[in-house]
Amino acid sequence: MNGNNHIPLGCAVDFKRIGLGDLGPNTGGMGAISPVPHVTPEFMEKVKNQIVIPTIRGIQRDGIDYRGFLFFGLMKVQGDPYVIEYNCRLGDPETEVIMPRIQSDLLHLFENLGAGLLSEYHLQIDPKTCSTVMLVSEGYPGAYEKGLTVSLPDNLEKNSVLFHAGTQTSRGSVVTAGGRVLACSALAPTPEGALKKSYAMADAVTYSGKAFRKDIGQDILQ
């Protein structure tokens, strides 16, 4: 957003709990899907009118010349959106499913944003679904070992990408360096197809103690 103008980049749902069935400790995010299958245009209109526009007006009333990302963490209660959190950045792992769907030039978006010309920018978003499955270290979100060698697949399917989160290079090899190691993102015409590709990537990556949720998206696809 900048000034009076804003451009929606799309919506996503993330899966925070470490365990199957959305159980166990909270994490930074174990996976995500965009767009959200059960989110309707009517609900998004409520989000715009009840959350986004009032927020922008509040920023203006406070005299803040804000130009950048504004991330809304929302929950749905009896059909209405409520704010859980705001962030002046994109969320993670929501970023890993929102960005692959953007077909427009991001550099031009940032240039228009900084120049106050956001209304002149035409954003194109791929209608396909993007999913991501997060590979984590054994023990996460508690204590975990670092420095474990990661073996990456030689080739990825079309419209698939591995985002490095908690990795680094050591003596010419990729090694783990964090609790959330890699995000396996993929685009496909359907949520089921996207998840199939994400899980194929997740299976193709190897390192000691690799862990990931095997039920990302199942609750919203039923």
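**Entry 1: the sheet**

Which order do the 5 strands of the open sheet have? I looked it up and found S1-S4-S7-S11-S8, with antiparallel pairing. The edge strands are S1 (13-14) and S8 (160-164), each of which pairs on one side only.

Some bookkeeping before I go on. I am working with a predicted model, where local features need pLDDT of at least 70, side-chain atom pairs count only at pLDDT 80 or more, and totals for chains, interfaces and linings use all residues. Residues are numbered from 1 along each chain as its sequence is written, and side-chain values use heavy atoms, with hydrogens and water left out.

My terms for strands and helices are DSSP runs numbered from the N terminus: helices are H or I with at least four residues, strands are E with at least two. I call two strands paired if DSSP finds at least two bridges between them.

**Entry 2: strand S7 and its partners**

I took S7 (residues 129-136) next and checked its pairing with S4 (residues 31-34): the two run antiparallel and are joined by 4 bridges. Serine 34 has cysteine 130 in S7 as its bridge partner. With S11, S7 pairs in the antiparallel sense over 8 bridges. As a reminder to myself, strands of a sheet pair through backbone hydrogen bonds, either parallel or antiparallel.

Is S7 enclosed or open to the outside? It is largely enclosed by the rest of the structure, because 8 of its 8 residues are buried. For this I use relative accessible area: buried is under 20%, exposed is over 50%, and partly exposed is in between (1.4 Å probe, protein chains only). I then sorted the S7 side chains by direction: Thr129, Ser131, Val133 and Leu135 point one way, and Cys130, Thr132, Met134 and Val136 the other way.

Helix H4 (residues 191-204) lies across S4, S7, S8 and S11 (180-188), and runs at about 145° to S11. The angle is taken between N-to-C directions on a scale from 0 to 180 degrees, with axes fitted to C-alpha atoms, for helices over the stretch in contact; contact means heavy atoms within 4.5 Å.

**Entry 3: two turns**

S9 (residues 167-170) and S10 (residues 173-176) pair in the antiparallel sense over 4 bridges. They form a hairpin with 2 residues between them. Threonine 169 has valine 174 in S10 as its bridge partner. In the turn, arginine 171 has a positive phi of about 55°, and at 87% relative accessibility it counts as exposed.

Glutamine 78 sits in the loop between S5 and S6. Its phi is near 50°, a positive value in a residue other than glycine. At 80% relative accessibility, glutamine 78 counts as exposed.

**Entry 4: cis peptide bonds**

From aspartate 92 to proline 93, omega is near 20°, and proline 93 lies in the loop between S6 and helix H2 (95-98). From tyrosine 140 to proline 141, omega is near 10°, and proline 141 lies in the loop between S7 and S8.

**Entry 5: salt bridges**

How many salt bridges does a search of the whole structure find? I get 8, counting a side-chain nitrogen of Lys or Arg within 4 Å of a carboxyl oxygen of Asp or Glu.

Glutamate 45 pairs with lysine 48, with the closest N and O atoms 3.5 Å apart. They are 3 residues apart in helix H1 (residues 41-61), so about one helical turn separates them. Glutamate 45 is partly exposed at 38%, and lysine 48 is partly exposed at 33%.

Aspartate 65 and arginine 67 meet at 3.3 Å, N to O. Here aspartate 65 is exposed at 55%, while arginine 67 is partly exposed at 39%.

Lysine 128 and aspartate 126 meet at 2.9 Å, N to O. Aspartate 126 is buried at 7%, whereas lysine 128 is partly exposed at 23%.
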